[in-house]
Every structure is written in C-alpha cells, then in structure tokens.
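User: I would like to learn how to read strand pairing and overall fold in a model such as this one. Could you take me through it step by step?

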Amino acid sequence: MTVEEETGVLCRVPMRWGDMDPYGHVNNVEVVRLLEEARIAALGVPVGTGDQVDPPLIPFFSALPGGTQALITENRIKYLRALEYRNTPVEVRVWVVAARGGALTLGFEITDVVTRRACVRAETQLAFFVPATGTVLRITPQQQEVLAPYAGPPLFR
C-alpha cells in the first residue's frame with residue numbers, strides 16, 4: 001500500500017547527520033523524532049508551548065483552549081526498509097486516521113526522497129488534557145469538520 005498523494009499534508013523534515021547509526025541508517029529513535037517534527041509541522045505548536053510563526057498545515061491546535069496539553073497515548077511504527085541518511089529533508093505524509101471521543105489518531109509515511117520508496121509507516125494517537133480542570137477534551141463535531149479534509153486510511157488493524 002502506498003498512501004495517495006492527495007491524502008493529508010506533505011511535510012519536509014530535515015535529517016541530521018547525527019541521526020545515523022553506525023550502519024549509515026537513520027536510527028529508530030531518530031525516526032520517532034522525525035515523526036514528532038512532522039506532527040508539529042502539520043498541526044502546529046501545541047497551545048502555549050512555543051511561538052507559532054509559520055501557520056500549521058492542519059489548523060487544529062489553534063482551536064484548543066489555552067493551557068491544553070497534547071499528550072501522546074500511543075505510537076505504532078512499522079519499519080519497511082532502512083531510511084538512509086541524506087543531506088536533504090525527508091518527506092513525511094501526515095493524515096488524520098480518526099478523530100473521535102477524546103483521541104486524535106494521525107497516520108504517517110516517511111519516504112526516501114531519492115528512491116521514492118516508503119521506509120516507515122506509523123500511527124500516533126494523541127489525547128488533549130486540560131490541567132486546570134483535570135479533564136481530557138473530547139473532539140467536537142466542529143473540530144471533526146476541520147479535520148475531515150485531511151482524512152486517510154488506517155495503517156494498522
């Protein structure tokens with residue numbers, strides 16, 4: 001399965017020379033960092049944690065109440081082939097797999113820009129916590145509408 005080019009948004013995330021392991025591949029821990037950088041490029045900076053200079057590609061975090069924390073509740077990663085270090089950004093396609101209840105699940109596909117082959121597929125589930133009230137936010141129908149144009153297929157069953 002290859003994710004359609006029209007699915008979600010495409011982020012370009014720089015690789016760092018230090019991301020390599022001794023075999024010249026991007027280390028699995030650094031792959032998680034690439035997923036994080038793609039998530040921030042796609043959804044924006046979580047409320048109150050930094051300065052949002054460039055607008056997010058998917059305008060979701062800006063609709064959350066101040067002080068809301070975006071918490072990772074699950075990561076699932078499938079390594080399809082080694083991601084070789086390149087001195088150019090890697091392409092990461094990001095899409096919405098599900099947005100219901102108190103959880104948002106994102107899909108990711110990391111593609112080697114030279115071979116044009118998918119190297120990693122992943123899903124990350126987030127919950128949105130409000131420390132002031134001690135509650136998890138539920139995703140509203142209005143927020144689901146904002147996310148709907150970025151929907152794509154699940155990667156895991």
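User: Which residue is the bridge partner of T105 in strand 5?

Analyst: The model is predicted, so that local features need pLDDT of at least 70 and side-chain atom pairs count only at pLDDT 80 or more, while totals for chains, interfaces and linings use all residues. Residues are numbered from 1 along each chain as its sequence is written, and side-chain values use heavy atoms, with hydrogens and water left out. Strands are DSSP runs of E with at least two residues, helices are runs of H or I with at least four, and both are numbered from the N terminus; two strands pair if DSSP finds at least two bridges between them. Here the bridge partner of T105 in strand 5 is Q125, and nine bridges join strand 4 (residues 103-111) to strand 5 in an antiparallel arrangement.

User: Which residue of strand 5 is the bridge partner of R76?

Analyst: That partner is E123, and the pairing of strand 2 (residues 69-79) with strand 5 is antiparallel, with ten bridges.

User: Is strand 5 mostly covered or mostly open?

Analyst: The general idea is that in a regular strand the side chains alternate between the two faces of the sheet. Burial is judged by relative accessible area, where buried means under 20%, exposed over 50% and partly exposed in between, with a 1.4 Å probe and protein chains only. Strand 5 (residues 118-130) is mostly covered, as eleven of its 13 residues are buried, and for the protein chain, 41% of the 157 residues count as buried.

User: What pattern does the protein chain follow along the sequence, and how does its radius of gyration fit a compact globule?

Analyst: The protein chain has two helices and six strands, in the order β-α-β-β-β-β-β-α. The radius of gyration is taken over C-alpha atoms, and the globule rule is 2.2 Å times the number of residues to the power 0.38. For 157 residues a compact globule would have a value near 15 Å, and the protein chain, at 16 Å, agrees with this.
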